[in-house]
Amino acid sequence: DKDAGRVKTVAVSGLARAGADASNYRLAAGVASARASIAVRPLSTWTGSASGNWSDAANWDVRPEGANVASVRLPAAGGTVTFDAAAPAVTLQDLSTERSLVVASSGLSAERVDNRAGIVLAAGVSWDLTRRFVTGGGTFTNRGSLTIVDATLDNALLNEGGSVAVGGRSRIGPVTNAGRFTVPPGAVASVQGTFRQTAGSTTLGAEGAALPTLAVAPGAGGVIDGGEFAGSGTVEGNLVLGAALLAPGYSPGASSGGGDLSLGPAATTFIELGGTQPGTFDALDVAGQATLDGTLRLASYGGFTAMGVAYLEGEGNSGTPGESSAVRAVASFWGGMLDVNELEAGEAPVFLVHGTADAVVPYSASTSVQARAQAVGVPVELRTLPGAGHTHWLPMGEYVDWFSAFLRLHLALP
């Protein structure tokens with residue numbers, strides 16, 4: 001019975017008096033109610049010999065629907081069982097799969113799943129495994145939307161273009177990601193094997209929220225061979241990036257690692273700079289050994305422009321249609337460059353102001369830029385402020401006069 005359950009209310013009607021002495025009694029009403037329990041069938045078994053739909057009653061000894069059975073077993077055999085759109089919603093205590101199961105529609109729920117073959121969550125379908133247990137040696141292929149919170153998913157997880165969110169304190173099997181994988185704020189996702197990404201994205205945390213942890217099994221590590229690995233959080237274990245983008249932080253933010261970090265020649269690291277003080281720029285904190293290769297991309301935000309950004313290749317958006325955003329001149333106030341070798345012959349002229357007593361960005365940062373510019377023939381002027389510290393402002397008119405004269409000299413401005 002699909003309405004199985006305990007202490008179910010039953011309405012009774014059509015009551016009447018009968019018998020030789022019936023006239024001695026008065027019946028107050030012809031209806032009444034009673035309560036009883038409708039037993040849940042312990043097990044329902046798939047009896048179909050080949051592939052088929054869950055909704056087809058001919059494939060079952062008793063078709064599962066509602067809460068009429070406690071457990072469902074799909075025995076080993078050829079073919080695939082499809083939980084289709086016509087299948088009634090069902091709530092199970094246990095689901096045991098020894099043959100492939102395709103979940104092509106919503107409505108299937110089980111507290112415990114013993115997956116010994118393969119489960120495929122189809123595109124457009126959501127499955128919430130909050131506080132559920134999925135065990136067994138099978139695979140779990142996700143093409144839909146999978147939520148895992150305070151749960152165990154011991155199967156190998158293949159995310160093929162779907163979305164996976166792992167929250168709370170959850171344990172999952174080896175992961176191959178080619179979709180969207182998210183570890184929300186404060187979560188701890190423990191991966192029992194290698195975390196591999198071939199495409200798509202992995203995102204840790206959210207801006208201004210508690211940092212999550214992605215813990216990869218010792219000796220397995222994370223291998224990011226494609227897509228993007230971004231956000232703020234902690235990665236426990238080694239992390240290797242191939243042809244992928246590493247983007248720590250949320251303007252700004254930091255990511256930390258408890259193992260080694262290796263950036264290959266095809267890797268790109270994206271860092272945003274909003275100032276020179278800690279907490280105003282993205283950061284990577286590596287506890288183990290860091291091997292850095294590939295491309296470093298810098299960008300500024302919040303009105304801050306780092307000198308190094310001005311000398312990177314390519315143009316941005318000037319904000320004025322028809323006007324070029326190419327840099328024609330650079331002004332640096334008590335700043336510097338991460339790599340002065342980015343300043344090459346033919347680059348825009350540079351104007352520098354720096355105090356000799358700067359304890360945040362040393363005065364030598366500007367003299368290094370000056371020396372590099374002179375070496376490659378880029379026009380440069382350094383205005384030295386003897387004894388001045390960081391962000392030492394003279395009357396604004398003096399800076400304007402200095403820079404205006406510099407622009408008139410080198411850009412032929414009136």
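**Exercise 1.** Leaving aside neighbours within four places in sequence, which residues is Thr147 in contact with?

*Solution.* This is a predicted model; local features need pLDDT of at least 70, side-chain atom pairs count only at pLDDT 80 or more, and totals for chains, interfaces and linings use all residues. Residues are numbered from 1 along each chain as its sequence is written, and side-chain values use heavy atoms, leaving out hydrogens and water.

- Step 1. Contact means heavy atoms within 4.5 Å.
- Step 2. The partners of Thr147 are Trp127, Asp128, Leu129, Thr130 and Ala165.
- Step 3. Strands are DSSP runs (E, at least two residues), numbered from the N terminus.
- Step 4. Gly118 is 29 residues from Thr147 along the chain, and their C-alpha atoms are 18 Å apart.

**Exercise 2.** Is Thr147 buried, partly exposed or exposed?

*Solution.* 

- Step 1. Buried means under 20% relative accessible area, exposed over 50%, partly exposed in between (1.4 Å probe, protein chains only).
- Step 2. Thr147 has a relative accessible area of 28%, so it is partly exposed.
- Step 3. Apply this to Val10 in strand S1, residues 5–13. Its value is 41%, so Val10 is partly exposed.

**Exercise 3.** Describe the overall form of the chain.

*Solution.* 

- Step 1. The chain has 3 helices (H or I, at least four residues) and 38 strands.
- Step 2. Its radius of gyration, taken over C-alpha atoms, is 33 Å.
- Step 3. The C-alpha atoms fill a box of roughly 125 × 55 × 40 Å along the principal axes.

How values were computed:
Rg over C-alpha atoms; globule rule 2.2 N^0.38 Å.
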